[in-house]
Number of protein chains: 4
Amino acid sequence: MADFKIRGVVPPVVTPDNPDGTVDVESFEKLINRMIDAGVDGLFLLGSTGEVAFSADDHRRQIVREGIRIVDGRVPVLVGCIDMETDRVIEHAKHAQEMGADAIVATAPFYALGGLTEMEEHFRLIHEAVDLPLFAYDIPVCVHTKLPWKLAIKLGREGVLAGVKDSSGDDIGFRYLCMENEKAGHPMSILTGHEIVVDGAYLSGADGSVPGLANVEPYGYVRMWKAFQAGDWARVKAEQDKLNELSHIFDVTTGVQGYAGGVGAFKTALNLMGIFKYDTMPRPVKSLTGQNREAIAQVLRNCGLL
Amino acid sequence: MADFKIRGVVPPVVTPDNPDGTVDVESFEKLINRMIDAGVDGLFLLGSTGEVAFSADDHRRQIVREGIRIVDGRVPVLVGCIDMETDRVIEHAKHAQEMGADAIVATAPFYALGGLTEMEEHFRLIHEAVDLPLFAYDIPVCVHTKLPWKLAIKLGREGVLAGVKDSSGDDIGFRYLCMENEKAGHPMSILTGHEIVVDGAYLSGADGSVPGLANVEPYGYVRMWKAFQAGDWARVKAEQDKLNELSHIFDVTTGVQGYAGGVGAFKTALNLMGIFKYDTMPRPVKSLTGQNREAIAQVLRNCGLL
Amino acid sequence: MADFKIRGVVPPVVTPDNPDGTVDVESFEKLINRMIDAGVDGLFLLGSTGEVAFSADDHRRQIVREGIRIVDGRVPVLVGCIDMETDRVIEHAKHAQEMGADAIVATAPFYALGGLTEMEEHFRLIHEAVDLPLFAYDIPVCVHTKLPWKLAIKLGREGVLAGVKDSSGDDIGFRYLCMENEKAGHPMSILTGHEIVVDGAYLSGADGSVPGLANVEPYGYVRMWKAFQAGDWARVKAEQDKLNELSHIFDVTTGVQGYAGGVGAFKTALNLMGIFKYDTMPRPVKSLTGQNREAIAQVLRNCGLL
Amino acid sequence: MADFKIRGVVPPVVTPDNPDGTVDVESFEKLINRMIDAGVDGLFLLGSTGEVAFSADDHRRQIVREGIRIVDGRVPVLVGCIDMETDRVIEHAKHAQEMGADAIVATAPFYALGGLTEMEEHFRLIHEAVDLPLFAYDIPVCVHTKLPWKLAIKLGREGVLAGVKDSSGDDIGFRYLCMENEKAGHPMSILTGHEIVVDGAYLSGADGSVPGLANVEPYGYVRMWKAFQAGDWARVKAEQDKLNELSHIFDVTTGVQGYAGGVGAFKTALNLMGIFKYDTMPRPVKSLTGQNREAIAQVLRNCGLL
């Protein structure tokens, strides 16, 4: 368990919903198979992108169960166990383990106010309770605290953390995290969730990436990873720049914000591309319509995806 | 249901834990009975103070079941249904209804990013799904969005919201909320969670208060409410000032923050006063010890409570 | 100097500008005379409302010079010395003293990042350098740090601060500030800038108020103060409620924010009421026009001011 | 003017102070000459690092006058004109022009609240008033608003902005800024202030860097730039990693924060290295002492600089 390592492209899987809110299993299969065929190195279920926050427990379990069934051991599966505090996270983590997850991913505590003391104890308690590699999910935009790199390194050295999935937007902290992880003998897998600057994260020493945009275009991220492995930085940058043109699906919409504009853009694109049967968004979020849908279609056409 | 009104002092009930984390039912009885005997007008279970964030679902249900059994209809019981998004909240709300709650309390969505569109739809969906009066819990320090008074008034006029429990720290928004609620025919019960300035909230037009400190000293809040009903403002202020001396249990501790210092102070005080058998805090939070415990004891002595 | 006390209504004076940006002295006279005639107890020049941030040094001095000339000793004049760090503030403060200010008002340092150590030293250095009573201007929305009440009390006890002008929006900190100031022998004058809940601030123990809205309607704030002095709380609240109807000039506009909507509403109202010849806003802010101007006129008509 | 381009390493110059607060001209000469000898491509006076916020106007002018005299045309000099609002900035800018600045650098407005309308107008008015290339200084940590890349591109296309100095910490916005600037025909020079991840900024398309740490170690930043020009990414990263070891001068201190720990570390290091006669900090900030000074010395020894 302490030796679990993951490298490369590990997309956070978008969850396709039927109009009644249940998992659209057929589209889920298409999406996952397409990404595995493209050469991704792992998959992350129930990330922020995977509508973990919106899913009641039964829905969460359906997503994990179906996801693991579809993957069928072809790549490792990380499962997000996202909840407010320790006992609630541990409950999710035990279910994830029963269903066959290869690793779990947990954020710092949220909702109730606390500090680093509680954050550290939280990760220790999860690690003690669950016999799976534990990734810290550093996402201050959602949990409103930042995992300091010094604490991450301490927990990595002690075997509490198997890795960090960084969505912090703090490229300086990320650099120190990679540098100090290396000095410590590389106990952790450091993954970036910053899909627009994955090239910079690789230059900083990342072990891999967790790009939401890879749901729409996995091939580019896989090519970028291979170029990085080959030391071909001009190619790495060129692939990133190309992917960034596609990323304008996030900023061509108007009147929407947050999840509605972000995951909404993914679902709209996947629906337009024929991979998702529906573009259903989880309650209380609405699907993109009209001009917004058309604007995304135009970006896809510009990028040769439609 | 649209006619549910609550006025007066409605403390958010602190949950006593055994050292193993289960509910200490005996202490729970002492605490609740003492507050009802003091004359409170309602009780709020599973508020932020009531460790809702820390409790796995079974623990939440034990708290509600025991709380409602102990109250035994003597005062109305509001139950917090706090979770990240709509479907998760509705699940808690249905359980609360089955167990006999008189009203439910829900925050805006949190964790996933959104805007007012999602916030409004969220409250509408909960209202449609559950046949109980719905209070909006406005607590931006935990959910990181503010319920605008204009939206609250709109939802109150339409019968979606039966009230607002305001812990926003925005005394200007609170004033407008009370004024406009009055103009609209007073469809909502407006309660303040600002225990240090309840007098100012009454002056602004609040229908009542939800003071955590009433777990430690319910009598003062009840006297303040009665003085307010009698229009005796000098007495209202004097009672608040006296309670505020007790409130220094929040700021005499060092090295702790957030829940550890806030609810930690309550549990320490209640344990020192013999109302709670233990001062157990929910994982990953630690109990107050040493100098911090002694500092709280000193405040209690200064206030004649020890 | 240590004995300077100010009580009552001390409006922050809006600065009328000619279309070329110079001070419109005639309108300035009308505005100041009207407020003094209404019975205000002091005036605050170059507050945030008084366009201190927008005024180059010569303009600042013209405002102070003309303001003090017009007031002509009828009420005390406080002068805002708002700048990024200590030396810059001291320079403004020395000019204010030369021009005859009765007291100066300074914020915590801003722009450069610092902590409480720098904030405390900053106020000490200003106090040492300038022989005038010093008010701390607590306005975290502009300077992004909060003056803690414990530090304010410490500096008040030592004679560094003669008072606090609180625009923090933190009604809990304000309550403690008033209570502890009282216990310390009332060394400081505590003024609230929270024009919508001045009644609550009086109940909390404020010595006075600094309401921007008093530029438009000074009579109501003076009546509220007198009712407070007489202990007539029903009247205090009624005056505040009436003023709050006028305060909707802040929220009936659309497409503007911050200073443009706040001070913009004051200038538009004063222009509509014939007190200001122009509604000129300081660069780079634009004056309110069209529907926004009409919406403010409608509020004034509703309040019998037009 | 529209054709002003700057590329490469452009350090923000730390200002050495005598114990009485005046500019220590001799140390200033040593510092500037050492950086020019190391091969930097320009210098930035009166940046946040250059104590612009702390300096009264006379002191600001002394810094610019002496700086430009010492540089003596060997490299271009950018001068920070940092103040709250437009008219105040323009006043500084005109002085900078008189003293021979090659370009000016201004932030978005701060202190008074506003929005994008005011920010855009602010830059336009400065550009119209001053006949020098204008760089936007994007530093939300100080001014609390972010310059959106779409607005920067618009102003760059129109010739209002000659460049952007990015200290935003938003590596995604930075990437889009570089990409869209390129598409627009590269009208602006895009410089990063992110000294810890300059390599990533170069990969993203930056035209250069403004690293504070180059005051202490200019050679490494110059070598990194040359390696980048040669396309030798392994070397680029290796130089950055080495510089990052030195950057621990920021995090080995305790009990200090913000400017005291950041520029304090620079001044302590430069004093220890014999480049600065004193480590005087501007009021109200204190110099680093004792253990903090020793900790910085140890980092310098580890890096072979002492």
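Modeller: The conversation below takes the sheet, the core, the chain contacts and the salt bridges in turn. Please keep in mind that this is a predicted model.

Colleague: Let us start with chain C. In what order do the eight strands of its open sheet come?

Modeller: The order in chain C is 1-8-7-6-5-4-3-2, and the strands pair in parallel.

Colleague: Which strands stand at the edges?

Modeller: Strand 1 (8–9) and strand 2 (43–45) of chain C do. Each has a single partner strand, so one side of each is left without a neighbour in the sheet.

Colleague: How many bridges join strand 7 to strand 8 of chain C?

Modeller: Two bridges link strand 7 (residues 189–192) with strand 8 (residues 208–209) of chain C, and the two run parallel. Within this pairing, C:Leu191 stands opposite C:Gly208 of strand 8.

Colleague: And the helices? Which strands does helix 2 of chain C lie across?

Modeller: Helix 2 (residues 57–71) of chain C lies across strand 2 and strand 3 (77–80), running at about 160° to strand 2 of chain C. Helix 4 (residues 116–129) of chain C lies across strand 4 (103–107) and strand 5 (134–138), at about 155° to strand 4 of chain C.

Colleague: I am curious about C:Val71. Is C:Val71 buried or exposed?

Modeller: C:Val71, found in helix 2 of chain C, counts as buried because its relative accessibility is 1%, and the cut-off for buried is under 20%.

Colleague: What is C:Val71 in contact with, leaving aside its neighbours within four places in sequence?

Modeller: Apart from those neighbours, C:Val71 is in contact with C:Ile32, C:Ile36, C:Leu43 and C:Val77. As for C:Gly42, 29 residues away from C:Val71 along the chain, the C-alpha atoms of the two are separated by 9.4 Å.

Colleague: Changing topic to the core. Which residues have the most contacts inside the largest nonpolar core?

Modeller: They are A:Tyr111, B:Tyr111, C:Tyr111 and D:Tyr111, in a core of 448 residues. Leaving aside neighbours within four places in sequence, B:Tyr111 is in contact with residues including A:Ser48, A:Phe110, A:Tyr137, A:Cys142 and B:Met84.

Colleague: That brings us to chain A and chain B. How many residues does the contact take from each?

Modeller: The contact takes 43 residues from chain A and 43 residues from chain B. The size of an interface is often given as the accessible area lost when the parts come together. For chain A and chain B the buried area is about 3,800 Å², with 60% of it from carbon and sulfur atoms.

Colleague: What about chain C with chain D?

Modeller: There, 43 residues of chain C are in contact with 43 residues of chain D. About 3,800 Å² is buried between chain C and chain D, 60% of it on carbon and sulfur atoms.

Colleague: How far apart are the nearest C-alpha atoms of chain A and chain C?

Modeller: They are 15 Å apart, and chain A and chain C do not touch. Chain B and chain D likewise have no contact, and their closest C-alpha atoms lie 15 Å apart.

Colleague: Now the charged residues. How many salt bridges are there over all chains?

Modeller: The whole structure has 100 salt bridges. The count between chain A and chain B is eight, and between chain C and chain D it is eight.

Colleague: Could you give me some particular pairs?

Modeller: A:Asp57 and B:Arg88 form a salt bridge, at 2.9 Å from N to O. A:Asp57 lies in helix 2 (residues 57–71) of chain A and B:Arg88 in helix 3 (residues 86–98) of chain B, so the pair joins two chains. B:Arg88 also meets A:Asp83 in a salt bridge (3.2 Å, N to O).

Colleague: Is B:Arg88 buried or exposed?

Modeller: B:Arg88 is buried, with a relative accessible area of 3%. A:Asp57 counts as buried at 10% relative accessibility.

Colleague: Which residues are linked with these in a network of salt bridges?

Modeller: The network links A:Asp57, A:Arg61, A:Asp83, A:Arg88, B:Asp57, B:Arg61, B:Asp83 and B:Arg88.

Colleague: One last pair: what does B:Arg175 form a salt bridge with?

Modeller: Its partner is C:Asp241, with the closest N and O atoms 3.0 Å apart. B:Arg175 lies in helix 7 (residues 171–183) of chain B and C:Asp241 in helix 10 (residues 233–246) of chain C, so this pair joins two chains. B:Arg175 counts as buried, at 0% relative accessibility.

Key
Residues numbered from 1 in each chain as written. Chains lettered and ligands numbered in written order. Predicted model: local features only at pLDDT ≥ 70, side-chain atom pairs only at ≥ 80, totals over all residues. Heavy atoms only, no water. Pairing = 2+ DSSP bridges. Helix = DSSP H or I, 4+ residues; strand = E, 2+ residues; numbered from the N terminus. Contact = heavy atoms within 4.5 Å. Axes fitted to C-alpha atoms, helices over the stretch in contact; angles between N-to-C directions. Core = buried A, V, L, I, M, F, W, Y, C linked by side-chain atoms within 4.5 Å. Buried < 20%, exposed > 50% of the residue type's maximum accessible area, 1.4 Å probe, protein only. Buried area = accessible area lost by both parts, 1.4 Å probe. Salt bridge = Lys/Arg side-chain N within 4 Å of Asp/Glu carboxyl O.
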